[in-house]
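Subject: Structure handover

Hello,

Here is the structure we spoke about. My notes on it follow below.

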Amino acid sequence: MSLSFDNTEIAFRYKNDKQLKQANFLFNSMSSSTLTRIGIAFTSAALKMNLPITGLIKRTIFEQFCGGETLQEVANTAEMLAKYNVGVALDYGVEGKSGEAEFDKAVPEFIKAIQYAASQKNIPFIPIKVTGFARFSLLEKVHAQVPLNADEEKEYARVQDRIDAICSVANDHNLMILVDAEESWIQRPVDELTDAMMERYNKGKVVVFNTFQLYCHDRLAFLKVSHERAKAKGYILGAKLVRGAYMEKERSRAIEMGYQSPIQPDKASTDKDYNAAVSYCLNHHEEIATFIGTHNEDSCLIAADIMKQKQLPNDTPKVYFAQLFGMSDNMTFNLANEGYHASKYLPYGPVKDVIPYLMRRVQENTSVKGQTGRELSLIKKEIQRRKL
């Protein structure tokens, strides 16, 4: 039987009727760009004025898109997902910290998450952002290949040590680290740091993944270069494939500073490169571990087709699918039901600290053409099915 993402009974069996109706209300609200703009503006203003709205946020969008505020809370969500053979990428969703003390403080937080994840059977991944451990302007300087002064050299060495400390613990606990992509004007040091970690730890098994944002027109070529480098250096390439997360920011900066935008000219070009990247990785599956992070149903169906053609079992090692928690349940749960390695990106952290993440999810559902409509139609279909 071929893979299908239309079975809503499988997609939403983890939600009771009340939770399903709440999801219906949320996605209905997000389908209106006006309501979304008002909601985001109100939330920002309320937080600045210290109004007591965190309880409301926690009961609504936080509950939809996050696993909990603490490791203890997120454990319950992870256990629930485990019942349906859905894995977890345990994502400490706190953003916007700065300063050496904060960067140092983040390392034990991630090590604690790794140690917890290692005790659970369905948490194989821990995502990290290099900007969680490094000053943005320092990364800009490294990317631009501007020589660092002596103090900056020491500062950058500390960044490398922080990333290495996390990857080393992950290696010891047989967990996998997903290094997120960042803005194009700091991507060079992110790639170089990640390549160094892959070279150190991806010998005979996969510990570290770099992220390739295929909405950038040069990343398919860079994926192939990365594969050649991994072959030459004798390690397995970890390739997390995503479409991308900074499109508006990238385009506006390119216009403002007068350089060619790194973003693809249109969605069709992004889709073409994304699917080509999936095909390239799966055609080299012995040398590349592939993490297919997408809400695009066609891309996942293409991947499943290639696996079938190559006679790779659904649960073949080194091929993973993932979607964000609270979105595209029809994909994740149906993939898991068919025996594929399917996971949810599961953010956690104090409500106030994950607000930037939540605002992006709301904006994404409003701006990505067809995303909210697809979510709503599936939720309504399941509500109707349960009435019969």
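How much accessible surface does the protein have, and what share of it belongs to carbon and sulfur atoms? The total comes to about 17,600 Å², and carbon and sulfur atoms hold 53% of that area. Please keep in mind that this is a predicted model.

Overall form

The protein has 16 helices and 8 strands. Its radius of gyration is 20 Å, close to the 21 Å that the globule rule gives for 388 residues, so the protein is as compact as a globular protein of that length. Along the principal axes, the C-alpha trace spans about 65 × 60 × 45 Å. Of the 388 residues, 53% are buried. If you take the contacts with a separation of 6 or more, 77% of them are between residues 24 or more positions apart.

Aromatic pairs

I found 15 aromatic pairs in the structure. One of them joins Phe209 and Phe291: the ring centres are 6.3 Å apart and the planes stand at 65°, which is over the 60 degrees needed, so the pair counts as edge-to-face. This pair links distant parts of the chain, since Phe209 belongs to strand S4 (residues 208-213) and Phe291 to strand S6 (residues 288-293), 82 residues apart. Phe209 has a relative accessible area of 0% and is therefore buried. Phe291 is buried too, with a value of 1%.

Another pair is formed by Phe212 and Phe222. Their ring centres lie 5.9 Å apart with the planes at 40°, so this pair is tilted. Here strand S4, which holds Phe212, is linked to helix H10 (residues 219-233), which holds Phe222; the two residues are 10 apart in the chain. Phe212 counts as buried because its relative accessibility is 0%, under the 20% limit.

Ring pairs also build a cluster, made up of Phe125, Phe209, Phe291, Tyr320 and Tyr345. The edge-to-face pair of Phe209 and Phe291 described above thus has both of its residues in this cluster.

Charges over rings

Which rings have an arginine over them? Arg243 lies over the face of Tyr274, at 4.3 Å from the ring centre. The charged end of Arg253 sits over the ring of Trp185, and the distance to the centre of that ring is 4.1 Å.

Regards

Key
Residues numbered from 1 in each chain as written. Predicted model: local features only at pLDDT ≥ 70, side-chain atom pairs only at ≥ 80, totals over all residues. Heavy atoms only, no water. Phe/Tyr/Trp six-rings, centres within 6.5 Å; stacked < 30°, edge-to-face > 60°. Helix = DSSP H or I, 4+ residues; strand = E, 2+ residues; numbered from the N terminus. Buried < 20%, exposed > 50% of the residue type's maximum accessible area, 1.4 Å probe, protein only. Lys NZ or Arg CZ within 6 Å of the ring centre and 35° of its normal. Rg over C-alpha atoms; globule rule 2.2 N^0.38 Å. Contact = heavy atoms within 4.5 Å. Areas by Shrake-Rupley, 256 points an atom, 1.4 Å probe, with all protein chains shown as cover.
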